[in-house]
Amino acid sequence: MDHFELKNGVLHAEDVPLTAIADAVGTPVYVYSRATLERHAQVFRDALSILPRVHIAFAIKANPNLAVLRVMKREGLGADVVSAGELARALAAGMPADDIVFSGVGKQHHEMIAGLKAGIGQFNIESEEEGEELAEIAASLGLTANCALRVNPDVDARTHAKISTGKAENKFGVPIDRAAGIYARLASRPGLNMRGVAVHIGSQLSELEPFEEAFAKVGALVAELRAAGQSVTHVDLGGGLGVPYKAGETFPSPEEYAAMVARATEGWDVTLMFEPGRVICGNAGVLLTKVVRVKRSSNKAPFVIVDAAMNDLARPAMYGAWHDFDAVKPSGDRMTAHIVGPICETGDTFAMDRDCDALVAGDLAVFRTAGAYGATMASSYNSRGFVAEVMVDGDKFAVVADRIMPEAISASERVPDWLE
Ligand SMILES: Cc1ncc(COP(=O)(O)O)c(C=O)c1O
Ligand SMILES: N[C@@H](CCCC[NH3+])C(=O)O
């Protein structure tokens, strides 16, 4: 359930008509609902409350806006970060360092130092090489890093190939059959406190079986590690639970996910950690856009050209992803159209032959389920600047990220004097 609904014929975010946001802030603009963010965080947390010890770290990559992070912090969530930039955001949002987990296959020297100095709760180590480097840095600083070893269980998440992370050929984690040896070697290094195992097999999973298969392998590893005398107090089960993008689609609920986790982890006696991203913020945002013009150049479906483009919302161009597209003031008439942006690439296409509300130039419309992997993946391609972000709370709203104009970007560029 989200809070983007028609009221008196106008699509609202909570109690704010989207027309008011377009008037005040312009388009394109991402609009987030605070109530939806809170509800999703609460539903996920409540579902997991059937488990004994739980830590939830919001995967910041899904939506790193500071206002969104503040909502997460107020809901008691920590953060899963993958860069020094994300770490700085989590801290700036007020998240306790101890609630922060540092994931990522390419942590750099300066990022490890930043995490160590901040005193973050856990590093998820993705290779033996990374573990050795972290051990050296920690020891040189006189610090100890709490660590989990991320394993690659070689499980097919049955999601889009570009966001599947748990197959043997993917770059993430260490092969699970080599994990016990690596864990033992890293556990002997001063500077590291090896305390657990981490796994994350991919994003936008629509079925529970791949999770269960991966968690069973992790359970066997935990038993093997303990039998070898290693301490395992934490297991990070990652994120990945998918959300419906098309009206009518059904996905496993957080309650069903939690029940599966309870089954799969029975008797582990660890703190279970989770890194949800999309399931918390996906349905909490829309991308509000305006129709630039409707182009009818043949007998085929017209092109509805909107002012949002692949630089603002990359998912359709990158993954062929579907986002429901609805008018802000639907007339009741329908049309079949290709929904495209203004960018000079054929890939700047949001939908082909889409049955949608009838639209004319100047009309407002939204791409739904744009709260995750939306603004955060934006670029300034075609010198379009960066899209603005707004958060709604009841009948009020605030700009939570300014639109960055193309002039501001070119102002950071220089022509060297040897080109004068
Ligand atoms: C390590 C890690 N944790 C958590 C997530 C969040 O995934 P999702 O947004 O699918 O929950 C990702 C992204 O797939 C990830 O790479
Ligand atoms: N960017 C992807 C998700 C990537 C998950 C990152 N580990 C998407 O929009 O679906």
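Which residues of the largest nonpolar core touch the most other members? In this predicted model, they are Val31, Leu149 and Val197, out of the 118 residues that make up the core. Helix 8, covering residues 209-227, is the element that gives the most to this core, with seven residues. The core also draws at least three residues from each of the two domains, namely domain 1 (4-32 + 282-410) and domain 2 (34-278). As general background, nonpolar side chains in soluble globular proteins tend to be buried together.

Setting aside residues up to four places away in sequence, Val197 touches Ala148, Leu149 and Val151, along with Val218, Leu221, Val222, Val232 and Val235. Leu149, one of these partners, is itself named with Val31 and Val197 among the residues that touch the most other core members.

The UniProt record, in an unreviewed entry, places the feature "domain: Orn/DAP/Arg decarboxylase 2 C-terminal" at residues 30-371. Over that stretch the chain is 31% helix and 24% strand, and its end C-alpha atoms are 8 Å apart.

The UniProt record, again in an unreviewed entry, also lists Arg278, Arg315, Tyr319, Glu345 and Tyr373 under "binding site". These residues do not all gather at one spot, because they span 96 residues in sequence and the farthest two C-alpha atoms are 27.4 Å apart.

Arg278 lies in helix 10 (residues 278-281) and counts as buried because it has 25 C-beta neighbours inside 10 Å, where 20 or more are needed. Apart from residues up to four places away in sequence, Arg278 touches Ala62, Ser203, Gln204, Gly242, Val243, Ala372 and Tyr373. Arg315 is found in helix 11 (residues 315-319) and is likewise buried, with 22 other C-beta atoms within 10 Å. Beyond its neighbours within four places in sequence, Arg315 is in contact with Ala321 and Tyr373.

What surrounds ligand 2? The shell consists of Lys61, Ile163, Ser203, Gln204, Arg315, Tyr319 and Tyr373. By class, this shell has three nonpolar, two polar and two charged residues. Domain 1 (4-32 + 282-410) and domain 2 (34-278) each supply at least three residues to the shell.

Most residues other than glycine have a negative phi, and most peptide bonds are trans. The peptide bond from Thr27 to Pro28, however, is cis, with omega near -5°. Pro28 lies in the loop between helix 1 (18-25) and strand 4 (29-33).

Where do they sit, and are they buried or exposed? Arg158 is in the loop between strand 9 (145-152) and strand 10 (174-175), and it counts as partly exposed because 14 C-beta neighbours lie inside 10 Å. Ser383 is placed in the loop between strand 19 (364-367) and strand 20 (388-393). With 11 other C-beta atoms within 10 Å, Ser383 is exposed, the limit being 12 or fewer.

Methods
Residues are numbered from 1 along each chain as its sequence is written. Chains are lettered from A and ligands numbered from 1 in the order in which they are written. This is a predicted model: local features need pLDDT of at least 70, side-chain atom pairs count only at pLDDT 80 or more; totals for chains, interfaces and linings use all residues. Helices (H or I, at least four residues) and strands (E, at least two) are DSSP runs, numbered from the N terminus. UniProt positions are given in the numbering used here, feature names are shortened, and annotations may be inferred rather than shown by experiment. A nonpolar core is a set of buried Ala, Val, Leu, Ile, Met, Phe, Trp, Tyr and Cys residues joined through C-beta atoms within 7 Å. Domain bounds come from an automatic or database domain assignment. Two residues are in contact if their C-beta atoms, placed from the backbone, lie within 7 Å. A residue is near a molecule or strand if its C-beta atom, placed from the backbone, lies within 6 Å of it. Ala, Val, Leu, Ile, Met, Phe, Trp, Tyr, Cys and Pro count as nonpolar, Asp, Glu, Lys and Arg as charged, and the others, Gly among them, as polar.
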